[in-house]
Amino acid sequence: MSAKDTVLVVGAGPAGLSAAATVAAMGKKAVLVEKEDVLGGAPIISGYAKLVPSGEWAKDAIGRMVSRVEGDGNVTVHKQTKVSKLDGEAGNFTATLSDGSSVKAGSVVLATGFTHFDSINKPEWGFGTYEDVLTTTQMEQMVSSGQIRCPSDGRVPERVAILLCVGSRDRQIGREWCSKICCTVSTNLAMEIKEISPQTDVFIYYMDIRTFGLYEDKFYWKSQEEFKTKFVKARIAEVTKSPDGRLLVKGEDTLVKRPIVIPMDIVVHAIGMDPSLENPEIAKIFGVGLEKHGFIDKAEQYTNSQGTTRKGIYVCGAATGPDDIDSSIAQGQSAGARAVADLHGQQKVAV
């Protein structure tokens, strides 16, 4: 492989898989570097259930993306590998990999993803203290298993509460951003719980509901009208345990301005999206900037879509901030196309 026909893609989640497939489809070589031992990113590693908005199981939808890349002769995959050093400039980069090999590439696509918010940082809401307080990723794993049970004793829950904005829109813990997809994921999760366990009542506690675009009808209204999800506008103070072993969700109903103490069997934290924990290292290795929250900074977007602060290096997906899977895939295509344009010496052409 030579730099003039090769794009280095870092990260093999939905955005990175999309970028690599785009490069290959345009007749160029993609070298895909993934730090984990499997491809597919968070949907596979965290065991997501059905994806929003397609309703397909993550293992099937993302699995097809993985198979497409692994079966393409124009894509070389390095698993359990990181880029430890990047030398050169746009059109002639040399990446040193942690497995001792090196890659010459004309351009680079960063698809390095995000980190799920750690609910330990919201201890007043019970995670890490009570066994029946879970995160949305843990609940999705339960949905994937086909059974809804309280982890503490295996009983079928009568009531499940989903608490929105855990690790999002919270200045007290330094999370000033909306994580964009949590509301929609939570309404979808509520329907999945009801499909498996019709006798379980699901409550969603929210500050605001942000099921953007067409998701408003497909998820917000559908979860209420067809699946009887109960929405409570509230400010949650804490989650404790009652003498009978059930969880107690305590706070204020902000519509009627009165305190609430509601017994629940399972409480689910709708966790937000944090910058990747590795972003400081990534910024140093690739010579790109980070925005104030720690996500990878983007270039001027109207004529340099998917660009970073360094020429020849592009970025896509949730590496730049919270985003949904469909948008990440589209950004991966865009970044892959821009990276191939660079190989033709068309750095100034917007895609």
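Me: Where is the place of Pro-53?

Reply: This is a predicted model, in which local features need pLDDT of at least 70, side-chain atom pairs count only at pLDDT 80 or more, and totals for chains, interfaces and linings use all residues. Residues are numbered from 1 along each chain as its sequence is written, and side-chain values use heavy atoms, without hydrogens or water. Helices (DSSP runs of H or I, at least four residues) and strands (runs of E, at least two) are numbered from the N terminus. Pro-53 is found in the loop between α2 (42–45) and α3 (58–70).

Me: What is the form of the peptide bond from Val-52 to Pro-53?

Reply: Pro-53 belongs to the loop between α2 and α3. The bond that leads from Val-52 to Pro-53 has omega near 0°, and its form is cis.

Me: What average pLDDT does the protein have?

Reply: The pLDDT is the predictor's confidence in each residue, from 0 to 100. In this protein, 98% of the residues score at least 70, and the average pLDDT is 95.

Me: How many bridges join β4 to strand β5?

Reply: Strand β5 covers residues 92–97 and runs antiparallel to β4. The number of bridges that join β4 and β5 is six.

Me: Which residue in the turn of the hairpin of β4 and β5 has a positive phi?

Reply: The hairpin leaves two residues between β4 and β5. The residue in this turn with a positive phi, of about 95°, is Gly-91.

Me: Which residue in β14 stands opposite Gly-251?

Reply: Strand β13 (residues 247–253) pairs with β14 in the antiparallel sense, over seven bridges. Opposite Gly-251 stands Ile-260.

Me: What is the volume of the second largest pocket?

Reply: On a 1 Å grid over the protein atoms alone, a pocket is an open set of points with protein on both sides within 12 Å along at least five of seven lines, whereas a cavity is a set where a 1.4 Å probe fits but cannot get out. Points are joined across faces, edges and corners, and a volume is the space filled by probe spheres set on them. The second largest pocket has a volume of about 350 Å³.

Me: Which element gives the largest share of the lining of the second largest pocket?

Reply: Lining residues have an atom within 4 Å of a point; this pocket has 17, of which Trp-125, Met-207, Ala-234, Arg-235 and Ile-236 lie nearest its centre. The elements that give two or more residues are β10 (159–166), β11 (201–206) and β12 (230–241). The largest share, four residues, comes from β12.

Me: How much space lies in the largest cavity?

Reply: The structure holds one cavity of 30 Å³ or more. Its lining includes Cys-165, Cys-178, Lys-180 and Asp-208. The space in the largest cavity is about 80 Å³.

Me: What phi does Lys-180 have?

Reply: Lys-180 is one of the residues that line the largest cavity. Its place is in the loop between β10 and α5 (182–196). Although Lys-180 is not a glycine, its phi is positive, at about 70°.

Methods:
Pairing = 2+ DSSP bridges.
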